[in-house]
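Subject: Structure handover

Hello,

Here is the structure to be passed on to you. The notes below it go through what was found, one topic at a time.

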Amino acid sequence: DITDISLITLGLSGGYGYTLVYHRLIASSILNVGLGAQKTNYSTTGDIAHSLSWSPSIHVNAKASIRYDKIRYFFGMMAVYDTNYTLNAEVFNVESYTSKVLLFFGYRFNVRQNGRKVLKALRLVDYK
């Protein structure tokens, strides 16, 4: 019967990241963990407001990527996971998370040779 919920979270977090470069291959990863407390306010059917006391909360953020890099092009994959979990023994637990995987490809243009033509064709500059 919950119609509206509001969460306020305070805490401290710390993490570690590492990047490995091997010739043209680049791999990176990061992990960030936070501990804190969360205040939960919610409304139920009939606009009845409820406020719960501060509860312990944990936040985890993890990222990983791998990329192959050449002079003219690069491509790779990146994954992200972000979660927040609050233990609220009074009524309910609150958990939210986001995750995604991204594939990417890029090409580097020779701006010194054809830069003016490319920028003008994209209408980013108005060279005469």
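**Aromatic rings**

Tyr 68, Tyr 73, Phe 75 and Phe 105 are joined into a cluster by ring pairs. Please keep in mind that this is a predicted model. The count of aromatic pairs comes to five. One of them is formed by Tyr 73 and Phe 105: the ring centres are 6.3 Å apart and the planes stand at 20 degrees, so the pair is stacked, as planes under 30 degrees apart count as such. This pair links distant parts of the chain, with Tyr 73 in strand 5 and Phe 105 in strand 6 (residues 94-107), 32 residues apart. Tyr 73 is partly exposed, at a relative accessible area of 31%, whereas Phe 105 is exposed, at 60%.

Phe 74 and Phe 104 make another pair, with ring centres 6.3 Å apart and planes at 55 degrees, so this pair is tilted. Here too, distant parts of the chain are linked: Phe 74 belongs to strand 5 and Phe 104 to strand 6, and 30 residues separate them. Phe 74 counts as partly exposed because its relative accessibility is 21%, and buried would mean under 20%. Phe 104 is also partly exposed, with 25% relative accessibility.

**Salt bridges**

Side chains of opposite charge can pair when their charged atoms come close. How many salt bridges does a search of the whole structure find? The search gives two. In one, Asp 69 pairs with Arg 67, and the closest N and O atoms are 2.7 Å apart. In the other, Asp 69 pairs with Arg 108, where the closest N and O atoms are 3.0 Å apart. Through shared partners, Arg 67, Asp 69 and Arg 108 form one network.

Is Asp 69 buried or exposed? Asp 69 has a relative accessible area of 16%, so this residue counts as buried, the limit being under 20%. Both arginines are partly exposed: Arg 67 has a relative accessible area of 29%, and Arg 108 has 31%.

**Strands 1 and 2**

Strand 1 (residues 2-22) and strand 2 (residues 25-44) run antiparallel and are joined by 20 bridges. As an example, Leu 10 has Ala 37 in strand 2 as its bridge partner. The two strands form a hairpin with two residues between them, and His 23 in the turn has a positive phi of about 55 degrees.

**Nonpolar surface patch**

A nonpolar patch on the surface is formed by Tyr 22, Leu 25, Ile 66, Met 77, Val 101 and Leu 103. Together these residues have about 610 Å² of accessible area. One of them, Met 77, lies in strand 5 (residues 73-86). Met 77 is partly exposed, with a relative accessibility of 39%.

**Confidence**

The mean pLDDT of the protein chain is 87, and 95% of the residues score at least 70. Which elements have the lowest and the highest mean pLDDT? Helix 1 (residues 111-121) has the lowest, at 73, and strand 4 (residues 55-69) has the highest, at 94.

Regards

Terms used. Residues numbered from 1 in each chain as written. Predicted model: local features only at pLDDT ≥ 70, side-chain atom pairs only at ≥ 80, totals over all residues. Heavy atoms only, no water. Patch = residues over 30% accessible without salt bridge, like charges linked within 9 Å, V, L, I, M, F, W, Y side chains within 5 Å. Areas by Shrake-Rupley, 256 points an atom, 1.4 Å probe, with all protein chains shown as cover. Salt bridge = Lys/Arg side-chain N within 4 Å of Asp/Glu carboxyl O. Helix = DSSP H or I, 4+ residues; strand = E, 2+ residues; numbered from the N terminus. Buried < 20%, exposed > 50% of the residue type's maximum accessible area, 1.4 Å probe, protein only. pLDDT = per-residue confidence, 0-100. Pairing = 2+ DSSP bridges. Phe/Tyr/Trp six-rings, centres within 6.5 Å; stacked < 30°, edge-to-face > 60°.
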